[in-house]
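Q: Please show me how to read some features of a protein model, with a case for each.

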Amino acid sequence: MDPKLINDCVHCGFCLPTCPTYALWGEEMDSPRGRIHLMKQHVEGTPITPEMAGHFDACLGCMACVTACPSGVRYDRLIEQTRVEVERQHVREPHDRAVRGIVFSLFPYPRRLRLLRPTMWLAERMAPFLTRANPSLGAMATLAPRVRRRQRLPRLVRARGERRATVGMLLGCVQREFFPQVNAATARVLALEGCDVVVPPEQGCCGALSVHSGRDGQARRLASRTIRAFERAGVDTVVVNAAGCGSSMKEYGELLGHEPPFRVVDLSEYLAELGPVAKRHPLPLTVAYHDACHLAHAQGVRAQPRELLSAIPELELREIPESAICCGSAGTYNLLQPEAARDLGDRKARAVGTTGAELLVSANPGCTMQIAAAMRRGGSAIRVAHTAEVLDASLRGVTL
């Protein structure tokens, strides 16, 4: 943990209203400045106790405090450094080690996730039994989406009309296996806007889940493999459609000590920068847009997705109350801290319900699963789509 970064915090309290766990429990040690106080204690010689580890584990890493901080405290770097220390020094209970072992030997590996696809229809039925056995296993079953038919993308998707750019495209892990329609829509939108889309077949996990959980060795291995895949593809820009992945890839320089030989951009960020050429057809829908934390807070991408959606004829965009508060997904948080995640998910679902929207739009697969599950639990199910799917429907003139 970097003492200089710790000392940047003046404990002003501007972070408190933005912190999801402080909003839930009102406990100082479960706020950003409280956790920074614990970090300082450790740097000054206090060992990481189970209680300290519990407060660090309870942090979602949503980065809302980074946005709110007037002093520019790099809490994002601090919590990542702290989690590495926790994983090195803290001895976890056997059941916690077992759950983490399952999560991190499964989710960063698309081929292993693919083996789950035929069993996904059983998840909803099994959820009550798994919850009684272990809350984290129950959360996995509850969050499981209804998986659509697998869609393979070719290595190169040609631009429609005049070629304006060539970009690489990250497929992701959960996105690739559980939301293949999002990747297909992303490639079509980029092609319709004049981009050749290069899809390296050897790409794997970008390392986001690992880096957010203090597993720095695994994160570096996965990040290096991702860089090699796109380096061999010869692209200078990589477009990402999952907020958590994009956030981590933009920080490869800090993780690895050197910048990758390409630029990383979120899909909405890139399309706004490129400018539209394809015709938008009307979509008569009321849409609530959800700000994924790793897009809004970590990457600062807020206006672009709203501008893209608002440009679609007959689409009405509605804002969600408390949009800066995390939905409780936060990478693996809803699996490792299921009770807190459930409370935050229910809070977000109530906020979404107040909009009266027909469709919820999110730019992160974890958020999509988290909010959809909370809406079902509250008896007010809502259709959920990615920004790319909405744009794709408008550009092709089809219903969503």
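Q: How many salt bridges does a search of the whole structure find?
A: Side chains of opposite charge can pair when their charged atoms come close. A salt bridge here is a side-chain nitrogen of Lys or Arg within 4 Å of a carboxyl oxygen of Asp or Glu. The search finds 30 salt bridges. This is a predicted model, in which local features need pLDDT of at least 70 and side-chain atom pairs count only at pLDDT 80 or more, while totals for chains, interfaces and linings use all residues. Residues are numbered from 1 along each chain as its sequence is written, and side-chain values use heavy atoms, with hydrogens and water left out.

Q: Which residue forms a salt bridge with Glu177?
A: The partner is Arg114, with the closest N and O atoms 3.0 Å apart. This pair links distant parts of the chain, Glu177 being in helix α11 (residues 174–178) and Arg114 in helix α8, 63 residues apart. Helices (H or I, at least four residues) and strands (E, at least two) are DSSP runs, numbered from the N terminus.

Q: Is Glu177 buried or exposed?
A: Buried means under 20% relative accessible area, exposed over 50%, and partly exposed in between (1.4 Å probe, protein chains only). Glu177 counts as buried because its relative accessibility is 0%. Arg114, with a relative accessible area of 25%, is partly exposed.

Q: What does the salt bridge of Glu193 with Arg280 tie together?
A: The closest N and O atoms of Glu193 and Arg280 are 2.5 Å apart. Glu193 lies in the loop between α12 and β3 (195–198) and Arg280 in the loop between α17 (267–274) and β6 (285–289), so the pair ties together parts 87 residues apart in sequence. Both Glu193 and Arg280 are buried.

Q: Which residues are linked in a network of salt bridges?
A: The network links Asp57, Glu87, Arg92, Asp96 and Arg100.

Q: Why is helix α12 described as largely enclosed?
A: An α-helix has 3.6 residues a turn, so residues three or four places apart point the same way. In α12, 12 of the 13 residues are buried, so the rest of the structure largely encloses this helix. Among the buried ones are Pro180, Gln181 and Leu192. Helix α12 (residues 180–192) reaches 19 Å from its first C-alpha to its last, close to the expected 18 Å; the expected span is 1.5 Å times one less than the number of residues.

Q: How many residues of helix α6 are buried?
A: In α6, 12 of the 15 residues are buried, so this helix too is largely enclosed by the rest of the structure. One of the buried residues is Asp76, with a relative accessible area of 13%. The side chain of Asp76 makes a polar contact with the side chain of Arg74 at 2.9 Å. A polar contact is a pair of N or O atoms within 3.5 Å; within protein, one must be able to donate a hydrogen and the other to accept it, and residues adjacent in sequence count only if both atoms are side-chain atoms.

Q: What is the phi of Glu314?
A: Most residues other than glycine have a negative phi, and most peptide bonds are trans. Glu314 is not a glycine, yet its phi is positive, about 70°. Glu314 lies in the loop between α19 (303–310) and β7 (315–319) and is exposed, with a relative accessible area of 56%.
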